[in-house]
Amino acid sequence: MVRALVGRVRVCGPRGCAAAIAMLDTGAEISGVSARLARRLGLPRAGEVRVQTANGPMRRPAVWIEAALGWCQPARFAALIQRPILARVDMLIGLNYLARAGVEVDVAGRRVRCRQPDQPRSRRR
């Protein structure tokens, strides 16, 4: 059984900020946001992104979003607009957010660590 890392994230758009439930997906190159949350915050369009799915390549609409996971630095990044992800999950946090915000994920240890902007990435031994 795989347990997902789920937590609260603060997301902002032109219509304000909100707390959202996000699931970390270290296998996703790009993050996703529910259409409901994108509409609620008035997130600006970022065009379309070509993604590879199990059913082949497709183009998905994307929006610009600013988010902060826990105590990590906020980051602005593109997120795909997605159909309902899971009950009560508003976002999937992918590698594009993790890299921009300096977040390191220890999946086995179920821990998330935020790097300071001038701190190098940790090395595994």
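The following conversation goes through a predicted model of a protein chain.

Biologist: What kind of model is this, and how are residues numbered?

Modeller: The model is predicted: local features need pLDDT of at least 70, side-chain atom pairs count only at pLDDT 80 or more, and totals for chains, interfaces and linings use all residues. Residues are numbered from 1 along each chain as its sequence is written, and side-chain values use heavy atoms, with hydrogens and water left out.

Biologist: What pLDDT does the protein chain average?

Modeller: The average is 83, and 88% of the residues score at least 70; pLDDT is the predictor's confidence in each residue, from 0 to 100.

Biologist: What share of the residues is buried?

Modeller: Of the 125 residues, 40% count as buried. Buried means under 20% relative accessible area, exposed over 50%, and partly exposed in between, with a 1.4 Å probe and protein chains only.

Biologist: And which residues have the most contacts inside the largest nonpolar core?

Modeller: They are V9, V11, V33, I65, M91 and Y97, in a core of 28 residues. At least two residues of this core come from each of β1 (6–13), β2 (16–24), α1 (35–41), β5 (56–69), β6 (75–82), β7 (91–93) and α2 (95–101). A nonpolar core here is a set of buried Ala, Val, Leu, Ile, Met, Phe, Trp, Tyr and Cys residues joined through side-chain atoms within 4.5 Å.

Biologist: What does V33 touch?

Modeller: Not counting residues up to four places away in sequence, V33 touches A38, L43, V63, I65, A79, L80, I81, Q82, D90 and M91. Contact means heavy atoms within 4.5 Å.

Biologist: Moving to S31: where is it, and is it buried or exposed?

Modeller: S31 lies in strand β3 (residues 31–34). It counts as buried because its relative accessibility is 0%.

Biologist: Which side chain does the side chain of S31 make a polar contact with?

Modeller: That of N96, at 2.8 Å. A polar contact is a pair of N or O atoms within 3.5 Å; within protein, one must be able to donate a hydrogen and the other to accept it, and residues adjacent in sequence count only if both atoms are side-chain atoms. N96 sits in helix α2 and is buried, at 18% relative accessible area. Beyond four places in sequence, N96 is in contact with E29, I30, S31, F77 and A78.

Biologist: Next, the cysteines. How many disulfides are counted?

Modeller: One disulfide is counted, a disulfide being a pair of cysteine sulfur atoms within 2.5 Å. C12 and C17 form it, with their sulfur atoms 2.0 Å apart. The link is right-handed, with 105° about the S-S bond.

Biologist: Buried or partly exposed, those two?

Modeller: C12 is buried, with a relative accessible area of 19%, whereas C17 is partly exposed, with 37%.

Biologist: Last one: where is V89, and which residues is it in contact with?

Modeller: V89 is in the loop between β6 and β7. Leaving aside neighbours within four places in sequence, V89 is in contact with I21 and M23. V89 and M23 are 66 residues apart in sequence, yet 6.9 Å apart in space, C-alpha to C-alpha. V89 counts as buried, because its relative accessibility is 10%.

Conventions: Helix = DSSP H or I, 4+ residues; strand = E, 2+ residues; numbered from the N terminus.
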